[in-house]
Amino acid sequence: METSILQQIKNKAEKYLGPQLLQTGRVLEVRVWETATMVEIDLHLPSADMQHWNEVPYIKFRIGNSCYRDYTPFGWDAETATCSLLVDTAHEGCGSRWAKHLSAGDSVQYVKIGDTHQAPHPTNLVVGLGDASSLGHLLALQQLTLPGIRFDGAVLLDSPHTGQLVREYFRSPVNTLTTRHELANWLLKQGYCTAHTSFYLTGNRELVVELRTLLKNLGHTNIQAKKFWS
Ligand SMILES: Cc1cc2nc3c(=O)[nH]c(=O)nc-3n(C[C@H](O)[C@H](O)[C@H](O)COP(=O)(O)OP(=O)(O)OC[C@H]3O[C@@H](n4cnc5c(N)ncnc54)[C@H](O)[C@@H]3O)c2cc1C
């Protein structure tokens with residue numbers, strides 16, 4: 001009962017406020033990865049000011065009636081106002097369903113483009129760590145890190161096959177791993193310099209907390225974390 005009253009309020013608020021706030025984009029292409037756990041979406045967002053994307057951005061999409069989800073654009077080109085998204089669809093959720101049903105030519109609506117406040121440190125080694133939901137975020141962080149050799153990272157994925165696809169599709173130093181244990185071991189082996197390495201953690205809340213604790217125990221202090229979902 002409470003949910004339905006809340007939903008009614010949301011619907012009313014959206015009815016009056018929504019149309020003025022919403023921006024529109026168009027889907028150029030959709031690629032469902034072979035493993036069916038990831039949907040890659042190319043977008044044209046004519047009103048997005050990509051020239052000034054100096055921090056990793058996120059886009060709050062309207063994915064249904066009064067329902068919104070954040071996704072991270074990467075591989076953007078300010079001249080053509082195009083970018084891509086990677087939506088992790090390995091679970092049941094309205095965001096997953098939305099991504100799976102998109103096709104070329106569809107229009108998408110979004111409320112805003114916000115900043116995650118994760119901008120690469122100007123001189124340190126930039127290390128991005130996350131899970132499948134943050135693959136786009138890691139690629140965006142890589143895009144913003146110049147020169148590119150200052151970027152390193154690792155992503156936790158559902159299977160080695162998805163990892164192989166990441167390596168095939170993107171020119172990225174991001175290491176692909178499948179368990180938290182592997183990720184922790186990988187981190188221990190890197191021996192990153194405490195003074196000159198900045199870490200950027202994203203993805204599942206529990207994973208982000210676990211990684212931050214591990215890094216702190218290793219003596220690292222330059223850590224930025226953004227929890228995506230729980
Ligand atoms: C700033 C920001 C940027 C983000 N960028 C991206 C992005 O680029 N790509 C992306 O895929 N997601 C991204 N997310 C997460 C995204 O906004 C949604 O939270 C996520 O997709 C889940 O939405 P859903 O509707 O599919 O599932 P929900 O309906 O919210 O959740 C359904 C169930 O699935 C579980 N669940 C949710 N997400 C996952 C997951 N990834 N893996 C396994 N189980 C899950 C939940 O715990 C819940 O039990 C971002 C979040 C933030 C805050």
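Predicted model: local features only at pLDDT ≥ 70, side-chain atom pairs only at ≥ 80, totals over all residues.
Which residue of β6 does methionine 38 stand opposite?

1. **The pairing of β2 with β6.** Methionine 38 stands opposite aspartate 88 in β6. Strand β2, residues 38-44, runs antiparallel to β6, and seven bridges join the two. In general, the strands of a sheet pair through backbone hydrogen bonds, in either a parallel or an antiparallel manner.

2. **The hairpin of β5 and β6.** Strand β5, residues 74-77, is also antiparallel to β6 and is joined to it by two bridges. Aspartate 77 has threonine 82 of β6 as its bridge partner. The two strands form a hairpin with four residues between them, and in the turn alanine 81 has a positive phi of about 55 degrees.

3. **The burial of β6.** Strand β6 covers residues 82-88; seven of its seven residues are buried, so the strand is largely enclosed by the rest of the structure. Side chains in a regular strand alternate between the two faces of the sheet. In β6, Thr82, Ser84, Leu86 and Asp88 point one way, while Cys83, Leu85 and Val87 point the other way, and all of these are buried.

4. **The ligand shell.** Strand β6 gives the most to the shell around the ligand, with four residues. At least two residues each come from β4 (67-71), β6, α2 (94-101), α3 and β12. Of the 22 residues around the ligand, those that come nearest are Thr72, Asp88, His91, Gly93 and Gly95. The shell divides into ten nonpolar, nine polar and three charged residues. Domain 1 (2-115) and domain 2 (125-229) each provide at least three residues of the shell.

5. **Helix α3.** This contributor to the shell spans residues 135-144 and is mostly covered, with eight of its ten residues buried. The buried residues of α3 are Leu135, Gly136, His137, Leu138, Leu139, Ala140, Leu141 and Gln142.

6. Strand β12, another contributor to the shell, belongs to an open sheet of five strands with parallel pairing, in the order β10-β9-β8-β11-β12. Its edge strands are β10 (175-177) and β12 (223-229), each of which pairs on one side only. Neighbouring strands of this sheet are turned by 15 degrees against each other on average, direction ignored. Six bridges link β12 with β11, residues 197-204, in the parallel sense. Asparagine 204 stands opposite tryptophan 229 in β12.

Technical notes: Residues numbered from 1 in each chain as written. Buried ≥ 20, exposed ≤ 12 C-beta atoms within 10 Å, placed from the backbone. Pairing = 2+ DSSP bridges. Axes fitted to C-alpha atoms, helices over the stretch in contact; angles between N-to-C directions. Near = placed C-beta within 6 Å. Nonpolar A, V, L, I, M, F, W, Y, C, P; charged D, E, K, R; others polar. Domains from an automatic or database assignment.
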